[in-house]
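Open the model in your viewer and keep the selection tool handy. We'll go stop by stop, and at each one I'll say what to pick and what is there.

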Amino acid sequence: MGACHIVPPAQKGAQAPHRAAAVQTPEPVTRERFPRRARLTRGSDLTSCWEAGRRRRTPHLDLAWRPNPAGHARTGIIVPRFQSSAVARNRLRRRLREILRRDVLPQLPPIDLVIRAKRAAYAATFAILRAELTDVVSGLT
């Protein structure tokens with residue numbers, strides 16, 4: 001661990017903690033993160049890409065893209081409610097983000113890409129979403 005992460009000795013009796021002390025790590029456990037420079041974070045960027053960009057549809061996803069002057073690819077994910085729970089929306093958002101991070105971002109040209117999930121995407125498996133997204137992106141490059 002290091003000198004800055006000294007764990008005090010366990011106490012006995014009434015002053016003993018009820019659970020083990022949490023170990024804090026100074027860095028993330030993995031270096032595979034979705035970089036901030038690869039995200040479309042502003043609503044105006046998402047809207048302008050969606051309205052002015054080219055589009056492609058799949059059974060579970062709608063995609064829109066346009067050229068990007070930044071020199072690297074940026075992506076945005078839109079997951080509408082469709083009377084689904086927050087758990088289901090977050091699960092779908094995490095799946096799409098993972099596919100983007102691992103499979104799509106390394107092969108994208110400098111474009112802004114917006115992905116909008118359809119109602120059917122909530123029931124789709126990870127493998128189906130991955131196949132659709134990688135097929136469409138391979139057609140873009």
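Start by selecting helix 2 and helix 3, which cross in a right-handed way (a crossing is right-handed if the near helix is turned clockwise from the far one by less than a right angle, and left-handed if anticlockwise). On the helix 2 side, the contact is made by Leu92, Arg95, Leu96, Glu98, Ile99, Leu100, Asp103 and Val104, and on the helix 3 side by Phe126, Leu129, Arg130, Leu133, Thr134 and Val137. Contact here means heavy atoms within 4.5 Å. The two axes come within 10 Å and cross at roughly 45°; axes are lines fitted to C-alpha atoms, for helices over the stretch in contact, with angles running from 0 to 180 degrees between N-to-C directions. Helix 2 and helix 3 are therefore oblique to each other. For the angle classes, under 35 degrees is roughly parallel, over 145 roughly antiparallel, 65 to 115 roughly perpendicular, and the rest oblique.

Before moving on, a word on the model. It is predicted, so local features need pLDDT of at least 70 and side-chain atom pairs count only at pLDDT 80 or more, while totals for chains, interfaces and linings use all residues. Residues are numbered from 1 along each chain as its sequence is written, and side-chain values use heavy atoms, with hydrogens and water left out.

Now keep just helix 3, residues 126–140. Its 15 residues reach 21 Å from first C-alpha to last, close to the 21 Å expected at 1.5 Å a residue (that expected span is 1.5 Å times one less than the number of residues). Which residues of helix 3 are buried? Colour Leu129, Glu132, Leu133, Val136, Val137 and Leu140. They cover an arc of only 120° around the axis, so they sit on the same side of helix 3; the arc is that of the directions from the helix axis to the C-beta atoms. Turn to the other side of helix 3 and you'll find Ala127 and Asp135 exposed. Buried means under 20% relative accessible area, exposed over 50%, and partly exposed in between (1.4 Å probe, protein chains only).

Next, go back to helix 2.

Strand 3 (residues 74–78) is the next stop: click on Thr75. Thr75 counts as buried because its relative accessibility is 3%. Leaving aside neighbours within four places in sequence, Thr75 is in contact with Phe34, Ala38, Arg39, Leu40, Leu100, Leu105, Leu108 and Leu113.

Then follow the chain into the loop between strand 3 and helix 2, and select Phe82. Phe82 has a positive phi of about 50° although it is not a glycine, and at 21% relative accessibility it counts as partly exposed. Gln83 is in that loop between strand 3 and helix 2 too. Its phi is positive, about 55°, though Gln83 is not a glycine. Is Gln83 buried or exposed? At 75% relative accessibility, Gln83 counts as exposed.

Finally, zoom out. The protein has 3 helices and 4 strands, in the order α-β-β-β-α-β-α along the sequence. Helices (H or I, at least four residues) and strands (E, at least two) are DSSP runs, numbered from the N terminus.
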